[in-house]
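Please examine the structure shown below. The paragraphs that follow lead through its sheet, its helices and selected side-chain pairs.

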Amino acid sequence: MGIDRTDLAVTTLPSGRRVVTDRVPGAASVNVLALVGVGGRDETAAQAGVSHFLEHLLCKGSTTRASDVVAEDVDARGGDLDAFTDRERTAVQLRVPAHDLGFAVDLVGDLVLRPAMRPDEIEVERRVILEELAQALDDPEDRAHTLTNAALYGDHPLAREIIGDRRTLHALGVDAIGAFHRAEYHPRAMVVAAAGAVVHDEVVEMVARWDDGAAPHPPSALAPRGVPGLQPRTTEVVRQGGEQVTLVLSWPLGPVDQPTRLPLAVLAHILGGGPASRLFRTVRDERGLAYAVDASLALYSDVGHLAAFAACSPEAVAPVRATIAAEVERLASEGPTPREVEVAVGYVAGSSTLALEDTGTRSWWAAIGELERGGARPATEWIDAYRRVTVDQVRQVARRLAGDPTVVAVGPVPRRTRL
């Protein structure tokens with residue numbers, strides 16, 4: 001079954017695996033991405049960190065390719081092999097010169113479907129991941145955002161650290177990781193996207209070979225994703241040494257469907273997306289309270305939140321918190337101005353247009369569209385949709401920011417500070 005959308009084409013193989021290509025005539029590179037719809041949110045408490053652990057192992061070679069051979073083969077082509085995990089997805093991607101497309105498709109398929117999971121390499125990666133966890137805990141910004149998720153989502157899996165914790169990381173072994181891979185990396189859960197100098201039918205033929213001789217995959221063992229309940233607004237202070245305090249104020253957004261995401265992206269840029277944003281102007285330019293200040297969205301398949309971040313001196317914590325809260329309250333009650341929406345829409349659409357020069361970005365957009373947003377669409381359609389966002393739409397989503405924020409502060413917070 002195939003669908004053509006200009007230079008974007010989609011085919012669903014008999015196995016249920018979907019193949020999406022975004023043809024870019026004249027491109028010097030291709031990016032091949034295998035995106036699996038499983039992440040930290042889909043783990044039990046005992047499995048916490050297994051998706052991220054598996055992601056590390058996917059780049060350590062396959063049952064037929066040693067990890068050092070994979071590294072040398074990728075380097076010999078000037079390629080870039082990468083993998084990542086978030087709360088709802090895991091991915092492996094490889095960018096190479098266009099003439100190495102066949103190598104890239106074969107290698108990504110081998111790594112994703114037949115990871116080696118050699119016991120000695122698992123132990124090495126366990127130590128690496130424990131070091132990664134220690135680094136995350138030592139990083140005030142990383143820790144503040146993790147604590148924000150915990151405060152917003154309570155005992156829901158969205159509250160957990162994606163890396164896991166020391167207890168689960170020490171307990172995960174080859175049997176548990178292998179069972180998770182066999183259950184969740186089935187064809188129906190995976191989209192393979194290739195962007196750049198590609199021919200769709202050739203990519204489909206290459207990916208179809210992944211399933212030759214494959215045994216039928218069982219249905220996913222994942223339980224349906226439960227929607228997190230609304231948590232009371234809270235304040236959490238973690239006092240530790242350093243020169244600056246990392247401050248995160250967050251507001252839950254409630255249910256987030258696809259039409260809501262576009263005006264939310266515009267709203268986040270108006271609040272703290274760049275030098276023209278409200279927070280940059282008030283916190284940095286007008287009052288000089290912080291060097292780093294911004295706002296960002298964390299959007300999941302069903303809910304999300306907006307977070308405002310600042311790093312400032314201990315003496316500036318209270319005024320920074322008050323300034324951010326006041327700007328958000330004003331935005332929620334009054335809404336943005338038409339000029340603010342015009343500038344933000346221009347930025348989002350313009351920066352997205354510039355990103356089209358990157359084959360990695362194009363393959364990501366194609367894969368996400370097919371996996372999560374009702375079908376892959378040309379990137380230009382998404383950009384045109386951003387350009388159609390109206391002032392009224394942004395005002396409507398801005399009302400979701402009403403009320404007190406959840407506040408997290410990490411660093412040398414003075415005892416007398418009231419947050």
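Axes here are lines fitted to C-alpha atoms, for helices over the stretch in contact, and angles run from 0 to 180 degrees between N-to-C directions. Helices (H or I, at least four residues) and strands (E, at least two) are DSSP runs, numbered from the N terminus. The model is a predicted one, in which local features need pLDDT of at least 70 and side-chain atom pairs count only at pLDDT 80 or more, while totals for chains, interfaces and linings use all residues. Residues are numbered from 1 along each chain as its sequence is written, and side-chain values use heavy atoms, with hydrogens and water left out.

Within α9 one finds Ala-268, which is buried at a relative accessible area of 7%; buried means under 20% relative accessible area, exposed over 50%, and partly exposed in between (1.4 Å probe, protein chains only). Residues up to four places away in sequence aside, Ala-268 touches Gly-273, Ala-295, Leu-297 and Leu-306, where contact means heavy atoms within 4.5 Å. Between Ala-268 and His-186 there are 82 residues in sequence and, C-alpha to C-alpha, 36 Å in space.

Two strands pair if DSSP finds at least two bridges between them. Strands of a sheet pair through backbone hydrogen bonds, either parallel or antiparallel.

Which strands pair with β9 in the antiparallel sense? One is strand β11 (residues 303-312), joined to β9 over 10 bridges, with Gly-254 opposite Gly-304 of β11. Another is strand β12 (residues 406-411), antiparallel to β9 over five bridges, with Ser-250 opposite Thr-406 of β12. Strand β9 (residues 245-255) is itself mostly covered, nine of its 11 residues being buried.

Thr-148, in helix α5, is buried with a relative accessible area of 1%. Not counting residues up to four places away in sequence, Thr-148 touches Val-248, Ser-250, His-305 and Val-408. Thr-148 and Thr-234 are 86 residues apart in sequence, and their C-alpha atoms are 9.7 Å apart in space. Asp-302 lies in the loop between β10 and β11 and is buried, with a relative accessible area of 17%. With neighbours within four places in sequence left aside, Asp-302 is in contact with Arg-41, Gly-226, Val-227, Gly-254, Pro-255 and Val-256.

The aromatic rings come next. Rings of Phe, Tyr and Trp (its six-membered ring) pair if their centres lie within 6.5 Å; planes under 30 degrees apart count as stacked, over 60 as edge-to-face and the rest as tilted. By this rule there are two aromatic pairs. Why is the pair of Phe-84 and Trp-364 edge-to-face? The ring centres of Phe-84 and Trp-364 are 5.4 Å apart and the planes stand at 65°, so the pair is edge-to-face. This pair links distant parts of the chain, 280 residues apart: Phe-84 is in strand β5 (residues 80-85) and Trp-364 in helix α13 (residues 359-372). Phe-84 is partly exposed, with a relative accessible area of 25%, and Trp-364 is partly exposed, also with 25%.

Tyr-153 and Tyr-300 form an edge-to-face pair as well, 6.1 Å centre to centre with 75° between the planes. Because Tyr-153 lies in helix α5 (residues 140-153) and Tyr-300 in the loop between β10 (292-299) and β11, the pair ties together parts that are 147 residues apart in sequence. Tyr-153 counts as buried at 5% relative accessibility, and Tyr-300 counts as buried at 9%.

The axes of helix α3 (residues 101-113) and helix α8 (residues 200-208) come within 9 Å and cross at roughly 35°. The contact is made by Leu-101, Gly-102 and Val-105 of α3 with Val-203, Met-206 and Val-207 of α8.
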